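Biologist: I've got a new model to look at and could use a guide. Shall we go through it together?

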Amino acid sequence: MLRERFLRTGMVWSMWVLGIVGSVGTAMASKKDNTLNIAWEKELETLDLYYNTAREGIIVSHLIYDTLFYRDPKTNEYLPLLATSYKWIDDTTMEIKLRTGVKFHNDEVFDADDVVFTINYVTNPDNKVLVQQNVAWMERAEKTDSTTVRIYLKRPFPAALEYLSNYVPIYPNEYYSKVGSKGFGAKPIGTGPYKVQQVEPGKSIVFVRNESYFKDGPKGYPSIEKIVQRTIPEVNTKLAELITGGLDWVWQVPPDQMEKLAKVPHLRVIPAETMRVGFLYMDASGRSGPNPFQKLEVRRALNHAIDREAMAKKLVGGQSRVIHTACFPTQFGCTDEGAMRYEYNPDKAKSLLAQAGYPDGFEVDLYAYRERPYAEAVVGYLKAVGIKANLQFMQYAAMRDKWHAGKASLGYWTWGSYSINDCSAITGYWFKFGPDDYARDEQVKEWLELADATVDPQKRKEYYGLALRRIAEQAYWVPLFSYVSNYAFHKDLEFEPHPDEVPRFYKAKWRF
Amino acid sequence: MMAFALKRLLLALVVAFAVSLISFMLLRLAGDPAAALAGESASAEDIEFVRKKYGLDRPLIVQYLDWAQMVLKGDLGESSFFKKDVRSILADRLGVTLTLGGLALCFAALVGIPLGALAAVRPNTWVDRAALAIAVMGQAMPSFWFGLIMIIVLGVKLRLLPISGSETWAHFVMPAIALGYYATPAIMRLTRAGMLEVLSSDYIRTAVSKGLSPWQILFKHALRNALIPVVSLASVQFGFMLGGSVVIETVFAIHGVGFLAWESIRRSDLPVVQAIVLMLSLIYVGLNLLADVLNALLDPRIRVH
């Protein structure tokens, strides 16, 4: 009797285990189903781009919505997407012709009313769009006819196309007015290459291909039929899922895991270059009080003291490269042509220090907030030329507060330019007398203001060139290198990362 | 008995009140709720506007009384992140956490009770020590680490179990083991102690002299009585399971209340954190109360003391 009972229990257990094993197999069929399983760490509170600040929000936005223009991530050329053409009426008025025959996912027809509604809605301060800098440069929009709109700017804003290409998705006016931001965030409707089939807030989003998506647009008709996104906060769990086939694509993989993943036969890893650059900023203007960096020779000495090539290749790795000026190379206006270059030469650094009156070097606090090994490498290089840098490693907010309060003379900073491919997104922040500007150079500021306020591309390039050359010549920074972001995905997936860190899944496809 | 139960209930209510008050105050000390509500790019004026609008400029005690009044009416407020009613968010996520907690407790009992019984049958032998070692290992290992080790072995190497999520029962196996293993030693020790006491009692000696088989004595007579205190301990452990799920849910990407708590703390979503702390403490206090009453029912001596 007892034995019989034991046997029965045993059978139930084995069946349960078998059932479990069976259910694992189902997760591994994504290529066959033309489905892509992806994961990221952050929960998204809403799918309404104007009310979330996460980078993942931009990824989702690219899938569901379309913008008026599209920046080709390879050529960085602005191509019309929901627009067909545009012209500047004057420095603050842009006239845009719109694409016809486009429908939203709910069959609402796309026309000028949707563009006018979206822009007037997001520029209305009462609606409290979260990232104001994405929209606050526009005054309002006006319909000229059903396929033409005019956007009025508050002031000349040369980076308009960059913002219109990334941060101003067009919403359906009728639907949005009906459901409001809350309803829209839960059940979003756009004209984009993917429709949202299911949302479990913060947990998962299922996208299905928009079968009626226009084929002649720069985004192209998507190849993958279904994308299943999951939120997985623990990185080890995420990687375990990737290794076992539960996921096909992940990003932001910690560098120490990349080598291990590269050895997994069915995976491909790419340490792809991003727009984020690292640099040392020295207090040339004496905001923190009298300090050695007020002398040009000292600033130049630091530029000669650090082997940036070695750091980029050996420490950062992947596609990282050395930068020579205060911007990321693909950004509009960024150039290092004619800019002073500082080769790695510790002896020259020492003699410059001696010239400045520091033959035995000096002691300084180096503030840093991320990638401690990089900051430690800098400490090592500085030590080799006689500068004793005490590393003060802290959280970003704490370091920023110290910097703003003028309590630091040397900082290891990084800047991602919010992925905006325009020089204004970096130089405007660090050299236009804002709270982070430690150069305080009137001449640089004047050139940057001219560059930021003219619509003529040629003139802009000229002014940025002048400013960047002066920044290099005065050695306000030690520009270091570009950062990389680590992607890992199934080797049968055709996927290309770009420096703006917006994965374009509508361009991805499975190799059959 | 009634007086005892009422006294315990009153005590439980006082504890629940104290927990809610302390957690309310601590959470407000940990960060500025107005800044969290206003969002990342808010200016100082925006934050001040929000502070006034939501009454966050009033004394903490007034805010607490306001909140307590709302809670008594069943309103837990609105999440500053999801912009949704906290009650509906919790309702969405509670099921999965209760399932995980329940399964973890089952695991703890299934391992702890047999090990305890075994240890009692062979006290102070290598069997006893081995059983103790197995159980204590559960308490010694950090649960997140044990979870990750299981992921590597059972998920990645052997590919026996799904790694993350909560779609099927299979998804709960690893997290339930990771969570339940922690509670095993307590259950094991109590079972062992209970069994040792019971096994030396007169009615067991009678059963032996009646010629009953050792299995019958062990399971039918001894264990049944030895388990009484274990049942009340298990109910308290269930409260621990719910609290411990914060870590385990994060490791296994199970979107339950624990994971919600962790994420809400990270983004300073105070209404949600506050509601979760309150809910978990009420469950815990409730389970303790249940255990006390249960014990008193079974053992009249407790009522007297």
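Biologist: What area is buried between chain A and chain B?

Modeller: Keep in mind that this is a predicted model. The size of an interface is often given as the accessible area lost when the parts come together. Carbon and sulfur atoms give 63% of it here, and the area buried between chain A and chain B is about 2700 Å².

Biologist: Which three residues supply more than any other three of the area that chain A buries against chain B?

Modeller: On the contact count, 28 residues of chain A meet 34 residues of chain B. Three of chain A's residues supply 20% of the area it buries there, and they are A:E43, A:E45 and A:P233.

Biologist: Which residue forms a salt bridge with A:E43?

Modeller: There are 2 salt bridges between chain A and chain B. In the one formed by A:E43, the closest N and O atoms are 3.6 Å apart, and a salt bridge needs them within 4 Å. The partner of A:E43 is B:R93.

Biologist: Which element gives the largest share of the side of chain A that touches chain B?

Modeller: At least two residues each come from α1, β10 and α6 of chain A. The largest share is 6 residues, and it comes from α6(A).

Biologist: Which elements do the buried residues of α7(A) pack against?

Modeller: The buried ones are A:Q257, A:M258 and A:L261. Looking down the axis of α7(A), they fall within an arc of 115°, so they line one face of the helix. The face turned away carries exposed residues, including A:D256 and A:K260. The buried residues of α7(A) pack against α6, β12 and β16 of chain A.

Definitions and conventions
Residues numbered from 1 in each chain as written. Chains lettered and ligands numbered in written order. Predicted model: local features only at pLDDT ≥ 70, side-chain atom pairs only at ≥ 80, totals over all residues. Heavy atoms only, no water. Buried < 20%, exposed > 50% of the residue type's maximum accessible area, 1.4 Å probe, protein only. Helix = DSSP H or I, 4+ residues; strand = E, 2+ residues; numbered from the N terminus. Arc of directions from axis to C-beta. Contact = heavy atoms within 4.5 Å. Buried area = accessible area lost by both parts, 1.4 Å probe. Salt bridge = Lys/Arg side-chain N within 4 Å of Asp/Glu carboxyl O.
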